[in-house]
Structure formats: C-alpha cells, structure tokens
Amino acid sequence: MQSRARSRRPYLRYMSQTGRRVAEMHLALAGSDEFADFAPEPTTGEDVQRWIEDVIVRAERVFEALKQRRDAIKEADRPLVDQLLTQRDTLRDRLNALLPPGIDGLKIRHHGDFHLGQLLIVKDDIFIIDFEGEPRRPHDERRRKAPAARDVAGLIRSIDYSATAALERALKVAPDEQGKLGAALGEWRDRATMAFLAAYGDTMTNARLWPADPTAAEKLLNFFLLEKAFYEIEYELAYRPDWLRVPLTGAIRILSANTNEAA
C-alpha cells in the first residue's frame, strides 16, 4: 500500500499543478476589459436557457440513436444504455436544477477543447497549449464566451478516459484481474480529480468564475460534465462504439448522484 501511494504522488502533484495553472489561465482570460472580445460578461438568464437547450437537443439525438441502435451496441454495454434511457423524461428538470436562471457568474473566453492532451509537462510545471477550441465546432461558436467550468469539466472527463485506457492496457496483461484493476483505477481517477479540483479552487480568487459555495460549484460543474458526456456519447456512437462505455458511465454517475436535485 505504501509503495502504491508513493507511485501516485508524482501524478497527483501534476494534477494539483494543472489545477493551479488552469485557474490562473481563467483569471488571466477574465482579467481585462480592454478588448471587447476578451472582456468577461455577466451570465444572463438567456445564456442559461441556451446552454440547457443545447444539451437537451444533443441529448435527444443521443437518446434516439441509443434506442435505435441498442441491439448493435456491445452486449456488455446495453444495460448502461437502458439505464441512461430511463433518465430521458427527467433530464430537463435535472439540468434546470443544476443551472438555475438566476446564477450569478461570468462567461469568459475559455480554452474550449481542454483535455489531458493539451498539457505539456516541463520539469515540474504544466504548460497549456492549443487554444483554437474544439475543431468540430464553427469558429463563431468556438469564440463564444462560457463559464470557466466548461474547461474544468473537459479535464475531468479526460481523466475518466485516461483511467479507462489504462484499464484496457492492463487487462491485456492480466485479463483475470478486471475487478481489482478496475477498483484501483477508479480510485486513481477520483483522487486525481480531487487533487485537480482542490488546487483549482484554492487558486481561483474570483467567486463569479468559480462559486465559493461548494454546493453551487458542484452543481455548476455537474451541468458541464453532463454537457460534455452527451457530446462524447454522440461522438463515440459515430466513430468509436467500443469506447461508448466511458461517457455512458460518466453521464449515469452524474445523474445518479443528483437524483433528488429536481425534487
């Protein structure tokens, strides 16, 4: 156990440093009114409604595709498909509860395509690269301002993918150890995420970019985690169905944790 803990320390230090650097990036992007394209703007009720509607539109496409293609999806993943489909009727209420129209926040120019592949490790520091935004989105959409939480959600979803990729590699060597390896990598995913979020929260000094109230911060983050997960489900269905389990599990995890939010 001690050797395992020691082996994790460098990774957790990098995750903490990533949290600090991402917070510093967001503070810098929100720190000037000199240029209108980069000036932070208050989040409005119209913004909130648009973000919710965008998720609903994509989610409806996802639900329909999952329903129609269920029998072609890997048998092991079908229970996840069925579980997500049960959330269809309550999704709008869940999203409304996570992102209320009166939210007091700022929308800023942000990275827009943030994941582990956008990080360079140089000695003990982290450098963030590739600020052109999500390549599959139109340029005007990439330039659109949004809460900093969208970048935070992107990195957390990427950590989830990295844990699954590590599990797939490990199972090629030890196929009989799936339960043990899965539990260990799930714990690593959670600890890496916590290290990143803790450092981000400690460094972030603007409560309108990241709520000081932990409950409000968690709701904001969960909304954008769901936004990202539905995007990933649609992508994996189209291009990499063998990876569908990752975003399906991510979306279900968030929705299950927030079962009572819309009550």
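Colleague: At what angle do the axes of helix 3 and helix 9 cross in this predicted model?
Modeller: Helices (H or I, at least four residues) are DSSP runs numbered from the N terminus, and axes are lines fitted to C-alpha atoms over the stretch in contact, with angles running from 0 to 180 degrees between N-to-C directions. The axes of helix 3 (residues 78-85) and helix 9 (residues 245-257) come within 10 Å, and the crossing angle is roughly 40°.

Colleague: Which class of orientation does the pair of helix 3 and helix 9 belong to?
Modeller: Angles under 35 degrees count as roughly parallel, over 145 as roughly antiparallel, 65 to 115 as roughly perpendicular and the rest as oblique. Helix 3 and helix 9 are therefore classed as oblique.

Colleague: How far apart are the end C-alpha atoms of helix 2?
Modeller: The expected span is 1.5 Å times one less than the number of residues. For the 25 residues of helix 2 (residues 45-69) this gives 36 Å, which agrees with the separation of the end C-alpha atoms, 36 Å.

Colleague: Is N222 buried or exposed?
Modeller: N222 lies in helix 8 (residues 214-239). Buried means under 20% relative accessible area, exposed over 50%, partly exposed in between (1.4 Å probe, protein chains only). With a relative accessible area of 8%, N222 is buried.

Residues are numbered from 1 along each chain as its sequence is written. Local features need pLDDT of at least 70, side-chain atom pairs count only at pLDDT 80 or more, totals for chains, interfaces and linings use all residues, and side-chain values use heavy atoms, without hydrogens and water.

Technical notes:
Helix = DSSP H or I, 4+ residues; strand = E, 2+ residues; numbered from the N terminus.
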